[in-house]
Amino acid sequence: MIRWLLLIPFALLIAIGASGTFFLIATIVDPVMAVLTGDTLFVGLWSLVDAVFAAEDPGPIVEDAFLAVGRIVFTLLVFPPLMIAIISEVLGMRSLLWHALATGILTAAVPFILRGSARIASPAELHVSVVLGLTGAVAGLVYWAIIGGREPRRPNPTAPLSGS
């Protein structure tokens with residue numbers, strides 16, 4: 001019970017923070033991600049400033065902007081580790097490979113799932129997906145290190161009892 005109430009939320013919180021930090025570093029270090037993020041932030045910021053100064057009441061515009069950023073963060077950084085953690089705990093899967101691969105693949109697939117169109121991705125889109133996949137793998141690795149890496153081994157139920 002303590003595991004579900006304290007350890008799993010703590011592990012998810014740390015894993016999401018680690019993946020967010022990795023993503024931030026990747027967007028600064030990686031040239032493709034830096035250009036994409038820089039352009040997106042530049043255009044988004046100036047669009048927001050134009051909309052705020054053009055409106056009589058900028059409150060709803062700013063609120064909508066924060067909600068949009070929150071949705072993006074939730075979709076890319078929170079949802080994949082949360083989904084894999086739920087699946088892992090329900091099915092009892094404790095493998096490092098499972099946590100890192102499943103979270104990485106799900107995170108990398110999010111843009112393609114949301115896009116919903118059947119077209120071939122450009123090299124830049126594939127590059128972003130690789131960075132997102134690595135971001136998810138970091139979340140899975142950290143979650144596993146906190147939760148799954150220290151899970152005690154269960155005794156084999158078919159093994160004979162000692163002393164009999």
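Is Phe-42 buried or exposed? Phe-42 counts as exposed, because its relative accessibility is 54% (buried means under 20% relative accessible area, exposed over 50%, partly exposed in between, with a 1.4 Å probe and protein chains only). The model is a predicted one, in which local features need pLDDT of at least 70 and side-chain atom pairs count only at pLDDT 80 or more, while totals for chains, interfaces and linings use all residues. Residues are numbered from 1 along each chain as its sequence is written, and side-chain values use heavy atoms, with hydrogens and water left out.

Trp-46 comes out as partly exposed at 43% relative accessibility. On to the rings: those of Phe, Tyr and Trp (its six-membered ring) pair if their centres lie within 6.5 Å, with planes under 30 degrees apart counted as stacked, over 60 as edge-to-face and the rest as tilted. That rule gives 2 aromatic pairs. Phe-42 and Trp-46 make an edge-to-face pair, 6.4 Å centre to centre with 70 degrees between the planes. Phe-74 and Phe-79 have ring centres 6.3 Å apart and planes at 50 degrees, so this pair is tilted. Phe-74 is partly exposed at 41%, and Phe-79 is partly exposed at 31%.

Phe-74 and Phe-79 turn up again in a nonpolar surface patch of about 750 Å², whose members also include Trp-4, Met-83 and Leu-91. Patches take residues with over 30% relative accessible area and no salt bridge, joining like charges within 9 Å and nonpolar side chains (Val, Leu, Ile, Met, Phe, Trp, Tyr) within 5 Å; the areas come from the Shrake-Rupley method with a 1.4 Å probe, and for residues only the protein chains shown count as cover. Helix 3 (residues 59–91) gives the most to this patch, with 7 residues.

As for charged partners, the whole structure holds 2 salt bridges, each being a side-chain nitrogen of Lys or Arg within 4 Å of a carboxyl oxygen of Asp or Glu. One joins Glu-89 to Arg-94 at 3.4 Å, N to O, and Glu-89 is buried at 9%. Another joins Arg-115 to Glu-125 at 3.3 Å, N to O. Arg-115 sits in helix 4 and Glu-125 in helix 5 (residues 123–148), so the pair ties together parts 10 residues apart in sequence.

Notes
Helix = DSSP H or I, 4+ residues; strand = E, 2+ residues; numbered from the N terminus.
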